[in-house]
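Hi,

Here is the structure I said I would pass on. Have a look at it first, and then read my notes on the salt bridges below.

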Amino acid sequence: MDERAQRVRRLRDARTASTNEIGAELMQRVARGDEPAFEQLYDLLVKPIFGLVRRIVRDPAQSEEVVQEVMVELWRSAARYSPERGSATTWAMTLAHRRAVDRVRSAQAAADRDDTVGRRDMGRPFDEVAEQVTTRLEQEQVRRCLRTLTDLQRESVLLAYYGGRTYREVGELLDTPLGTIKTRLRDGLIRLRDCLGVA
């Protein structure tokens, strides 16, 4: 390593050591409720915390919210900080990382819930009550129109269209020739069409 690189490294190490000492001292003062110390701590940590949070959360507005939450947590929990366990910066960055990851997970869970609800709602008819009323009215109209058929026509139509039987099966059940069944069904369907107003 050349002399210039060594000098840069020593300056950076000295700056880091100085920042760590300042951070530790500020955290101890903040733990005692010193507001000016918190302002100094805020100025010292807000940029690195925002940078970390922004890389994880990505959204600028959400990142700002997370940074505010982290700073409030630092104010409230400063008494739990212990310099023996690491620098104030490391402690603050750990809190920030956790909060940012929690925010991303929470946003993903909310998106998943919205997606699930959206898919569930897409399957529902727009107005279930109106659809049920329409269906009931149509059923009643069909019943009324069925009553206008002759007994033989009604019996053939019910067996074929509501009973699911073929024309041949209807003829066998009624012991009637297939041609006669076809005529009854044709005439019955024409009367139903006219009664229902179907073009």
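Before the notes, one cut-off you will need: a residue is called buried when its relative accessible area is under 20%, exposed when that area is over 50%, and partly exposed in between. Also keep in mind that this is a predicted model.

So, how many salt bridges does the structure hold? The count comes to 11. I'll walk you through a few of them.

Let's start with Arg-154 and Asp-151, whose side chains meet in a salt bridge at 2.4 Å, N to O. Both sit in helix H6 (residues 151–162), and because they are 3 residues apart there, about one helical turn separates them. Asp-151, at 57%, counts as exposed.

Some salt bridges share partners, and in that way Glu-65, Glu-69, Glu-73, Arg-99 and Arg-103 are joined into one network.

One is Arg-99, which forms a salt bridge with Glu-69, with 3.2 Å between the closest N and O atoms. This pair links distant parts of the chain: Arg-99 belongs to helix H4 (residues 88–122) and Glu-69 to helix H3 (residues 60–77), and the two are 30 residues apart. Arg-99 is partly exposed, with a relative accessible area of 29%. Glu-69 is partly exposed too, and its relative accessible area is 29%.

The other is Arg-103, which you will find in helix H4. Its relative accessibility is 15%, so Arg-103 counts as buried. Which residues does Arg-103 touch, leaving out those up to four places away in sequence? They are Gln-62, Glu-65, Val-66 and Glu-69. With Glu-65 there is also a polar contact, side chain to side chain, at 3.0 Å.

Last, take a look at Arg-147 and Glu-140. They form a salt bridge in which the closest N and O atoms are 3.8 Å apart. Here Arg-147 is exposed, with a relative accessible area of 54%, while Glu-140 is partly exposed at 40%.

Cheers

Note on methods. Residues are numbered from 1 along each chain as its sequence is written. This is a predicted model: local features need pLDDT of at least 70, side-chain atom pairs count only at pLDDT 80 or more; totals for chains, interfaces and linings use all residues. Side-chain values use heavy atoms; hydrogens and water are left out. A salt bridge is a side-chain nitrogen of Lys or Arg within 4 Å of a carboxyl oxygen of Asp or Glu. Helices (H or I, at least four residues) and strands (E, at least two) are DSSP runs, numbered from the N terminus. Buried means under 20% relative accessible area, exposed over 50%, partly exposed in between (1.4 Å probe, protein chains only). A polar contact is a pair of N or O atoms within 3.5 Å; within protein, one must be able to donate a hydrogen and the other to accept it, and residues adjacent in sequence count only if both atoms are side-chain atoms. Contact means heavy atoms within 4.5 Å.
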